[in-house]
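Good morning, and thank you for coming. Please look at the sequence and the structure on the screen while I go through a few selected places.

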Amino acid sequence: MLAPMCYSAQILAEFEKYVRYGGDLDLRVFVEMAGWARKKGVWIKGVPKAMRNAFVGSTAPEEQEARAVSLAAYQDAAAVLEQEIAEQSERLARAQVVLAGPKPTKKAENDRRVATNKIAGARAKLDQVTDRAAGEGYARIWPGGVTPVLIRDPATGERRVVPMRYRCRLPGWDDAKEREKPGTYNARMDSLATVWRKLWGYNHGVMVARRFFESVSLHRLQGRALAPGERDMSVEIEFRPEPEQDMLLACLWRYVEPDGDEPGFYSVAAITRNPPPEVEAAGHDRCVIPIKPENLDAWLDPQPGRLADMMAILEDPIDAFYEHEVVQREEA
């Protein structure tokens, strides 16, 4: 089966980089987000390393709570992996005893194989926990992960940088409904007035990125049809704007109120449009919308009575050509 066409981006996840656009980090929301990520067990998988590490070395008094919750989340993640290694090491030892005895069994052989693989996997993840250095994927986010979003606070009018989950929970939805329809990390431009009508014209924001990634069919990238008997294959493509620049990606967001044991959290979706010719030629049928910097003020101050003006901003994105290259190839 072909991998889903999922947008991913290399986000400028270090919060201070948002300052150039007038946003101040909401430390309270960061602390709440880190607590949510700890509870959900997604601190390593769902939060970009650039964001996880934003405060681990801070000495500023006002950032010590954020530092503490970040370090605690790392400790939690390490403890889970260390427990996994210990349990699988015991399983491996038991299997080796049986295999060395007079009556080796298929179960023991399977236990040895599974335990060995799980130990290796857990150690690799533990290395990610202890390695704080920048590297490949340092600031990359995927659907379901956490990303900084620049918004204008509806109550105060001030710009804030808020950590948000990159999959928007629509008004009226609960967790079960969201699992049924998990594609709300993207908001199609042609459905803003219908599916997204309760956020469109109300809750606008931008994510700041330098590149984005899409998964496309290899044969579409090569501009041909599948050959008889050929299996479909997916290819990950990295797109970069030329000239290179920050992309202020238009998005819609929503705050989800706490519900029982479920903490409150912010969620976001990137708005997408039909692709420019070079993106379509690379095999993808959608594209994010980087708005022009001069339109940022108007975009962050939406009014439901000015939807035509908002649509005009989306229809007039930055003037860029999207260069692309293959990042990785995998069989479907």
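Predicted model: local features only at pLDDT ≥ 70, side-chain atom pairs only at ≥ 80, totals over all residues.

Let me begin with Gln83, which is found in helix α4, residues 64-100. Residues are numbered from 1 along each chain as its sequence is written, and side-chain values use heavy atoms, with hydrogens and water left out. Helices (H or I, at least four residues) and strands (E, at least two) are DSSP runs, numbered from the N terminus.

Is Gln83 buried, partly exposed or exposed? Gln83 is partly exposed, because its relative accessible area is 44%. Here buried means under 20% relative accessible area, exposed means over 50%, and partly exposed lies in between, for a 1.4 Å probe and protein chains only. Between the C-alpha atoms of Gln83 and Glu62, 21 residues apart along the chain, the separation is 34 Å.

Asp111, in helix α5 (residues 106-130), is buried, with a relative accessible area of 13%. Not counting residues up to four places away in sequence, Asp111 touches Arg91 and Ala95; contact means heavy atoms within 4.5 Å.

We now turn to strand β10, residues 265-273. How many of its residues are buried? Nine of the nine residues of β10 are buried. In a regular strand the side chains alternate between the two faces of the sheet. In β10, one side holds Phe265, Ser267, Ala269, Ile271 and Arg273, the other Tyr266, Val268, Ala270 and Thr272, and all of these are buried.

Which strands pair with β10? Two strands pair if DSSP finds at least two bridges between them. Strand β6 (residues 186-188) runs parallel to β10, joined by three bridges, and Arg188 stands opposite Thr272. Strand β9 runs antiparallel to β10, with six bridges; Cys251 has Ala270 as its bridge partner. Strand β11 (residues 287-288) is also antiparallel to β10, through two bridges, and there Arg273 stands opposite Cys287.

Arg160 is placed in strand β5, residues 159-165, and counts as buried at 11% relative accessibility.

Next, helix α10 (residues 307-314) has Met310, Ile313 and Leu314 as its buried residues. Seen down the axis of α10, they fall within an arc of 100°, so they line one face of the helix. The arc is that of the directions from the helix axis to the C-beta atoms. Among the elements covering them are β10 and α9 (296-299).

Finally, a nonpolar core is a set of buried Ala, Val, Leu, Ile, Met, Phe, Trp, Tyr and Cys residues joined through side-chain atoms within 4.5 Å. The largest has 55 residues, and Ile271, Trp299 and Leu314 have the most contacts inside it. Helix α4 gives the most to this core, with eight residues. Apart from it lies another core of 31 residues, including Val149 and Ile318.
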